[in-house]
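Welcome! Take a moment to look over the chain, and then follow the tour below from one region to the next.

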Amino acid sequence: MFASTRLPADPASAEASRRFVTVMLSDWPHDVIQVAALLTSELVTNAVVHARSAAEVVLDHSDRALRVAVTDESSHLPILVESMDLLIDHSRGLSMVSDMSDDWGVLTNGDSKTVWFNLRRPHRARRRFGRRQSSTVAMRAGERTDRIGD
């Protein structure tokens, strides 16, 4: 699924981005939605505050993974602050993205940049009996199984 929205250069856009992510990912696990909404709002805040720009938020996901990309109108690359003083109220957004996402990065395109992150969707609970059990038994018996993710 692919969805996008353009948000103005306004502090209220952070909250709007959280609502957008929450609605678009309504069938995802609640904890993943919370992380995606938080990280998206941090990137939108960076666009509004540091780039002084509107932000385009793009969600692209399959059943197993989510990519969120936030594009702003500044070519200045973000700086990842390694050590965080928890008493300050800024400079933590990119560190949160780095710590909480499965992968992240920055793409530049002339006078704009896109900061993106990926989150994996956790595997759904399996039935008590089925292929999972047979894989476990095979592994206990010392047999090799080449199946991944069954």
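Let's begin inside the fold: the cover over the buried residues of helix H3 includes helix H2 (30-49), strand S4 (103-109) and strand S5 (112-120). Keep in mind as you read that this is a predicted model. With that starting point in view, here is the rest of the picture, topic by topic.

**The chain as a whole**

- You can find four helices and five strands in the chain.
- Reading from the N terminus, these elements follow the pattern β-α-α-β-β-α-β-β-α.
- The chain has 150 residues, and 36% of them are buried.
- Take the contacts between residues at least 6 apart in sequence: 57% of these join residues at least 24 apart.

**Helix H3**

- Helix H3 covers residues 93-100, and its buried residues include Gly93, Leu94, Ser95, Met96 and Val97.

**How the strands pair**

- Strand S2 (residues 55-61) pairs with strand S3 (residues 65-72) in the antiparallel sense, over six bridges.
- Between S2 and S3 there are three residues, and the two strands form a hairpin.
- Two bridges you can look for here are Glu56 with Thr71 in S3, and His61 with Leu66 in S3.
- S3 also pairs with S5 in the antiparallel sense, this time over eight bridges.
- In S5, Asn118 is the bridge partner of Arg67, while Lys113 is the bridge partner of Asp72.
- S4 and S5 run antiparallel and are joined by seven bridges.
- Gly105 has Trp116 in S5 as its bridge partner.
- The hairpin of S4 and S5 has two residues between the strands, and in this hairpin Gly110 takes a positive phi near 65 degrees.
- Why is S5 described as largely enclosed by the rest of the structure? Eight of its nine residues are buried, so the rest of the structure largely encloses S5.

**Helices H1 and H2 together**

- The axes of H1 and H2 come within 8 Å, crossing at roughly 150 degrees.
- Because angles over 145 degrees count as roughly antiparallel, H1 is roughly antiparallel to H2.
- The crossing of H1 past H2 is right-handed.
- Where the two helices meet, H1 contributes Ser13, Ala14, Ser17, Arg18, Val21 and Thr22.
- From H2, the residues they meet are Ile33, Ala36, Ala37, Thr40, Ser41, Val44, Thr45 and Val48.

**A closer look at Ser13**

- Ser13 is found in helix H1, which covers residues 13-24.
- Is Ser13 buried or exposed? Its relative accessibility is 3%, and buried means under 20%, so Ser13 counts as buried.
- Leaving aside residues up to four places away in sequence, Ser13 touches Leu7, Pro8, Val44 and Val48.
- Val44 and Val48 are also among the H2 residues that meet H1.

**A closer look at Leu43**

- Leu43 lies in helix H2 and has 4% relative accessibility, so Leu43 counts as buried.
- Leu43 and Phe117 are 74 residues apart in sequence, and from C-alpha to C-alpha they are 9.9 Å apart in space.

How values were computed:
Residues numbered from 1 in each chain as written. Predicted model: local features only at pLDDT ≥ 70, side-chain atom pairs only at ≥ 80, totals over all residues. Heavy atoms only, no water. Buried < 20%, exposed > 50% of the residue type's maximum accessible area, 1.4 Å probe, protein only. Contact = heavy atoms within 4.5 Å. Pairing = 2+ DSSP bridges. Axes fitted to C-alpha atoms, helices over the stretch in contact; angles between N-to-C directions. Parallel < 35°, antiparallel > 145°, perpendicular 65-115°, else oblique. Left-handed = near helix turned anticlockwise from the far one by under 90°.
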